Structure formats: C-alpha cells, structure tokens
Amino acid sequence: GANWRRTIEILREFEEKCGTPVEKLKQVTDALVKEMNAGLASDSAGRVKMLVSYVDNLPTGDEEGLFYALDLGGTNFRVLRVQLGGKGGGIKHQEFAEVPIPMELMIGTSDVCDSVSVDLFGYIASELAKFVAQEGQEFSLPSGRERELGFTFSFPVMQTSIDSGTLITWAKGFSIDDTVGKDVADELAKSLKKHGVDMHVTALVNDTVGTLAGGRFSNKDVVAAVILGTGTNAAYVERAEAIPKWHGPLPKSGEMVINTEWGNFKTSYLPLTEFDKALDCDSPNSGEQIYEKMISGMYLGDIVRRVLCRMAEEASFFGDTIPPKLQIPFILRTPDMSAMHHDSSPDLSIVGSKMEEILEIPTISLKKRKVIHELCRIVATRGARLAAAGILGILKMLGRDTLPSNKEKQRTVVAMDGGLYEHYTEFRECLEETLKELVGEQVWENISIEHANDGSGIGASLLAASHSRYI
Ligand code: ADP
Ligand code: MG
C-alpha cells in the first residue's frame with residue numbers, strides 16, 4: 001500500500017533542496033554577473049558566451065519596405081512578412097504562418113544526400129517558398145529588387161557579421177551534427193537557392209536580439225530582452241567600450257547588442273537536486289544549459305515527472321506498481337503541469353484528469369492530488385525565482401539595478417517573449433514579484449517587463465530593413 005510518510009518526506013526534502021531565499025538568489029545573480037563579465041573579456045573564458053551580435057543600431061521607426069523573416073528555434077518555425085511604412089508609418093501590413101518541424105528533421109543529418117526536403121534547411125526553404133507564393137497585392141517590392149530576409153535562429157552562433165555566423169552547438173532537442181561549425185545563413189541561402197526561392201539573407205539574429213529590436217521599435221525604453229519559452233536566454237545593450245574582446249571598430253552609436261546565452265550558466269549556488277542531475281544526464285547535451293534546464297518550458301514538466309516517479313517507486317504513490325507511462329521522459333509537458341498548477345477547483349479535478357489522460361492513472365485521492373499540485377508549485381517557483389535573479393544580473397550589467405543618481409526618471413523596459421512567460425500565469429507573477437523583491441519597491445517603479453508577442457520575427461525583419469543591401 002501507499003506509504004504516506006515517505007511521500008511527504010520526498011516532497012519536503014525536494015522543497016527544501018529547491019529553496020531560493022533572497023540571499024541565495026543574490027549569490028546566483030553575482031555569480032552570473034561575474035560570468036557575464038568574463039564572457040565579455042574573452043571568447044573562451046567561461047560558460048556564458050556573451051556573443052557579439054553585430055547589431056549596433058536598434059530600429060528607429062524609419063524602416064521602410066517589404067521584408068521577410070523566418071524564426072527557427074523551437075518545435076515550430078514561423079515565417080513572416082511585413083510592409084514597413086517608413087518614418088512614423090509603423091507596420092502597414094503583416095502576415096505570418098507557423099509550421100511544425102517534423103521530429104526526425106530536428107535530429108537528422110542535414111544534407112547527406114541531394115534529394116530535396118530530407119534536411120531541416122531544405123524543409124524550411126520549401127515551406128518559405130509556399131509562403132512567398134501567397135504574397136498579396138498589399139505587399140510591394142520596388143522593381144528590380146530581390147526580397148530580403150531576417151533569419152531568427154535561436155541557437156548559439158558565433159557571428160562574423162550581421163549576416164553570417166557559425167553554429168556553436170544545438171540545444172532544446174535539436175542535434176544535427178554536421179551543421180555545427182557551419183555558417184547557418186549560408187546554409188539557408190544555399191537551400192533557398194536550391195528550392196528556387198529568390199531571397200537574400202540580410203540579417204542573422206538570435207531570437208533575443210530580434211525581440212530586443214522588435215521591442216525597441218514599439219518602445220524607446222527597451223534595453224534588454226528575455227526569452228522564456230522552450231529554452232531561456234537574454235540579450236541587452238552593452239557599451240561597446242565595455243567589451244574587451246571586441247577588437248573591431250567602435251560603432252558610432254557606441255553600443256553593441258550582446259546575446260548572453262545565459263542558458264548555459266552554472267554555479268554551485270544553483271539549487272540543483274538529484275532530479276535535475278538525472279534529467280541532465282539523460283539529455284543529449286549533458287553538462288550544458290544547466291540554468292536553462294531548471295527554468296524553461298522544455299524541462300519543468302519533466303522535473304515534476306521525475307519526482308512523481310520517485311514517489312511511485314519509494315512510496316507506492318500510485319499503488320503497488322509504477323505506472324508505465326510515468327517512466328516515459330517528457331510525457332508530462334510543461335503546459336500540462338501549468339494546467340494542474342492553475343487548477344483552482346476544490347477537488348483539484350484538473351490534476352485528476354491530467355493524471356488519467358496523460359499517465360493513464362485511475363482516480364487518485366484528493367490528498368494525493370494536493371501533493372502533485374504542490375510539486376508543480378515548487379518546480380515553477382524555483383524556476384521563476386531563478387529567472388528573476390538572471391534579470392537582476394542583466395539590470396546590473398546595464399547599471400539599472402539602483403536608482404539613478406540624478407533626479408531624472410529613467411525608465412527601463414525589458415521585452416519578454418516565450419510561451420512559458422505568456423501562458424504560465426503563476427510563473428510570470430512569481431517572476432515579477434521576485435524581481436520587485438530583489439530590486440526594492442523604489443527601483444521597481446522605474447522598471448517594467450513588457451510582453452513582446454512574436455517580437456523576434458518582427459525584430460528580425462526590422463534588422464533586415466536597417467541593414468538592407470539597397471540602402
Ligand atoms: P520557442 O521557445 O520554441 O520559440 P514558444 O515561445 O512558443 O516557443 O514557447 C513554447 C514553450 O512554451 C513550450 O515548449 C512550452 O514549454 C511553453 N508553454 C506553452 N504553453 C504553455 C502553457 N500553457 N503553460 C506553460 N508553458 C507553456
Ligand atoms: Mg521563439
């Protein structure tokens with residue numbers, strides 16, 4: 001029979017290990033800031049890469065013309081076209097399409113043979129071709145010009161210019177070995193050509209950089225962007241002279257957008273549990289993206305599943321046998337976890353139905369549903385509070401974590417995007433509460449987090465516009 005005492009023991013021990021008191025969060029922040037500074041100093045210094053984006057000017061609002069964008073980085077990719085109105089004109093028209101990425105293409109070896117659409121980039125090119133074919137009259141391109149594209153690619157890339165860069169490593173379930181080390185803009189361009197898409201790759205940007213650009217277009221006070229979706233990452237505007245590893249000419253603006261790649265952050269101050277370690281061990285990128293694995297949407301549900309597994313094994317939580325489905329990695333997805341966490345019915349009926357639907361576990365007692373609910377809360381709270389500690393780190397890099405010395409009000413806006421932030425209300429609210437707690441009431445008054453819905457796609461098209469080969 002069920003061993004209730006052991007269940008509660010596992011729960012409480014897990015909760016204790018996941019603890020994130022403010023002092024601990026501040027240690028996490030300080031360790032992150034240290035890593036970020038090391039990353040700015042040298043490319044080989046540490047885990048947080050602080051990639052130079054080659055974006056030294058953010059959109060002004062004067063951008064004009066027809067531009068395409070392609071956003072690749074999760075389970076779906078999006079294609080987008082916008083007609084930009086020029087000075088004060090804003091976005092005149094926009095259209096997008098979302099296409100799922102077949103699982104086998106996420107792990108397949110790209111371009112092993114010459115047949116079309118067996119590889120990821122070929123698939124993307126063929127989908128883009130369909131989208132371009134549907135372009136309506138409201139979009140217009142001056143005659144004699146080739147269409148231009150901003151490519152949002154949400155993986156670590158060592159940029160060599162605004163429109164080129166080599167893939168450092170995959171993440172978030174992608175692992176196509178022979179693309180690592182290649183110029184991804186070039187790979188895309190080759191596939192576009194092969195599929196007869198007449199389009200120039202004008203800008204290659206990380207989704208954080210795209211979100212920052214899109215955010216700035218709609219709000220002048222945006223100085224950083226954070227993604228909380230399948231994975232997590234952040235970008236911000238750094239002073240070019242504060243980047244020791246930058247040996248290129250100092251940009252006129254004096255600024256350079258840095259893609260932090262903070263997902264790979266790790267410090268002994270992180271409240272890592274044995275469940276996190278096991279998740280990491282079982283992942284294809286073991287030892288990497290540790291911060292991301294504690295925070296982002298790809299992983300939270302699986303952490304909950306792993307603790308439930310332990311309860312099933314050691315406390316017969318689901319009866320005398322371990323439910324077979326419970327042993328399938330990633331079967332419990334973060335959106336399901338979030339639905340259980342948001343269950344406010346007195347009998348936690350959603351928790352019950354999720355267990356039935358997903359894990360084929362027949363009706364369980366309210367007492368047990370409460371344990372599962374509690375587990376979701378613990379995992380989400382830790383993730384949200386750690387994300388807040390990260391944002392405090394970015395504010396410190398920007399010098400915006402304290403009140404300005406002059407009396408002028410200086411607003412700081414962080415553009416935020418990603419399905420986790422957008423849909424997981426408890427996560428979002430906990431993150432904001434924690435950030436407020438960390439910076440204090442007064443500083444918090446000058447800070448806001450703004451949801452930039454699909455900012456990265458718009459941002460990439462804006463960056464393609466400002467870097468157009470025709471201007
Ligand atoms: P990506 O990060 O891949 O570009 P999104 O920003 O759309 O994509 O984020 C998708 C992720 O957001 C999913 O992997 C999932 O983990 C998370 N997510 C989506 N819906 C919800 C939800 N209702 N509750 C919690 N997390 C969600
Ligand atoms: Mg995205």
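Which residues of H2 are buried? The legends below start there.

**View 1. The buried side of helix H2 in this predicted model.** Leu25, Val28, Thr29, Leu32, Glu35, Met36, Gly39 and Leu40 are the buried ones (20 or more other C-beta atoms, placed from the backbone, within 10 Å of their own). They cover an arc of only 140° around the axis (taken from the directions from the helix axis to the C-beta atoms), so they sit on the same side of H2. Their packing partners are helix H12 (366–398) and helix H14 (425–439); helices here are DSSP runs of H or I with at least four residues, strands are E runs of at least two, and both are numbered from the N terminus.

**View 2. The largest nonpolar core.** This set of buried Ala, Val, Leu, Ile, Met, Phe, Trp, Tyr and Cys residues, joined through C-beta atoms within 7 Å, has 133 residues. Domain 1 (1–53 + 219–452) and domain 2 (54–205) both contribute, so the core lies between them; the domain bounds come from an automatic or database assignment.

**View 3. Where domain 1 meets domain 2.** Their C-alpha centres are 28 Å apart. The contact (C-beta atoms within 7 Å) takes 18 residues from domain 1 and 15 residues from domain 2. On the domain 1 side, E11 (255–259) gives the most, with three residues.

Residues are numbered from 1 along each chain as its sequence is written, with chains lettered from A and ligands numbered from 1 in written order. In this predicted model, local features need pLDDT of at least 70 and side-chain atom pairs count only at pLDDT 80 or more, while totals for chains, interfaces and linings use all residues.

Technical notes: Buried ≥ 20, exposed ≤ 12 C-beta atoms within 10 Å, placed from the backbone. Contact = placed C-beta atoms within 7 Å.
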